[in-house]
Amino acid sequence: MQNNLGLVGILSIHDRYLQAHKDNGEMHGSNSSRNEEETWFLLELDKGNHIYALQNWDNHQFLSKKPSGCLRADVDAIGGTEQCTLVASEPYGTAGRVAIRWPDGTFMGTNDPGDDDNECHGEVTARSGAAPPKGSDGWPGWWRFVAADTPEPGRNFWNAAGSVLVSVAISELTAALLA
């Protein structure tokens, strides 16, 4: 059973928002402000095992791990490649971050803003299976979830679907990940 926890912005270690291009779902991490393409629904799929899915506000598609290691928000239903595990950073000596691990054991990471991956065409990929290092705030696989308000343009999609929009309670999410 999925539970929509609400809206989030997802910031990289570079303090840039995770972004899905509306036309093709290509993943980037270079924008310093959040609007429609940088706003996500956080869906809880299995609270006990910390399994979640992310749906982009703007293109209404789910973030998906591709066999190449590329990520795209281009799938309209949750399957195995759209499910990820959120890993709390506190056991690794870093506060207030999460790692996003895919079922194949790889982690979502980001290059420097503007340093697009040659194959994926954006800064964000999931190719590394290396576990988070202890005490390193600079690991490219750390992300910070921030509560997000509804973007003004494009409100019609979710309101027409009949759902209530709320910001994710970040402190409750963090506590659940540490449980």
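**Labels and their grounds**

Modeller: Ser12 is found in the loop between strand 1 (3-11) and strand 2 (17-20), where strands are DSSP runs of E of at least two residues, and helices runs of H or I of at least four, numbered from the N terminus. This is a predicted model, in which local features need pLDDT of at least 70 and side-chain atom pairs count only at pLDDT 80 or more, while totals for chains, interfaces and linings use all residues. Residues are numbered from 1 along each chain as its sequence is written, and side-chain values use heavy atoms, with hydrogens and water left out.

Colleague: Why does Ser12 count as buried?
Modeller: Buried means under 20% relative accessible area, exposed over 50% and partly exposed in between, with a 1.4 Å probe and protein chains only. Ser12 has 0% relative accessibility, so it counts as buried. Leaving aside residues up to four places away in sequence, Ser12 touches Arg97, Thr110, Trp142 and Trp143, contact meaning heavy atoms within 4.5 Å.

Colleague: What makes the pair of Tyr92 and Trp142 tilted?
Modeller: The structure holds 4 aromatic pairs. The ring centres of Tyr92 and Trp142 are 6.0 Å apart and the planes stand at 55 degrees, so this pair is tilted. The rule is that rings of Phe, Tyr and Trp (its six-membered ring) pair if their centres lie within 6.5 Å, with planes under 30 degrees apart counted as stacked, over 60 as edge-to-face and the rest as tilted. Because Tyr92 lies in the loop between strand 8 and strand 9 (98-101) and Trp142 in strand 12 (residues 142-147), the pair ties together parts that are 50 residues apart in sequence. Tyr92 is partly exposed at a relative accessible area of 21%, whereas Trp142, at 0%, is buried.

Colleague: What makes the pair of Trp139 and Trp142 edge-to-face?
Modeller: For Trp139 and Trp142 the angle between the planes is 80 degrees, at 5.0 Å centre to centre, and the pair is edge-to-face. Trp139 is buried, with a relative accessible area of 12%. Ring pairs link Tyr92, Phe107, Trp139 and Trp142 into a cluster.

Colleague: How do you know that the side chains of Asp58 and Lys22 meet in a salt bridge?
Modeller: A salt bridge is a side-chain nitrogen of Lys or Arg within 4 Å of a carboxyl oxygen of Asp or Glu, and for Asp58 and Lys22 the N to O value is 3.7 Å. This pair links distant parts of the chain, with Asp58 in the loop between strand 5 and strand 6 (62-65) and Lys22 in the loop between strand 2 and strand 3 (27-31), 36 residues apart. At 9% relative accessibility, Asp58 counts as buried.
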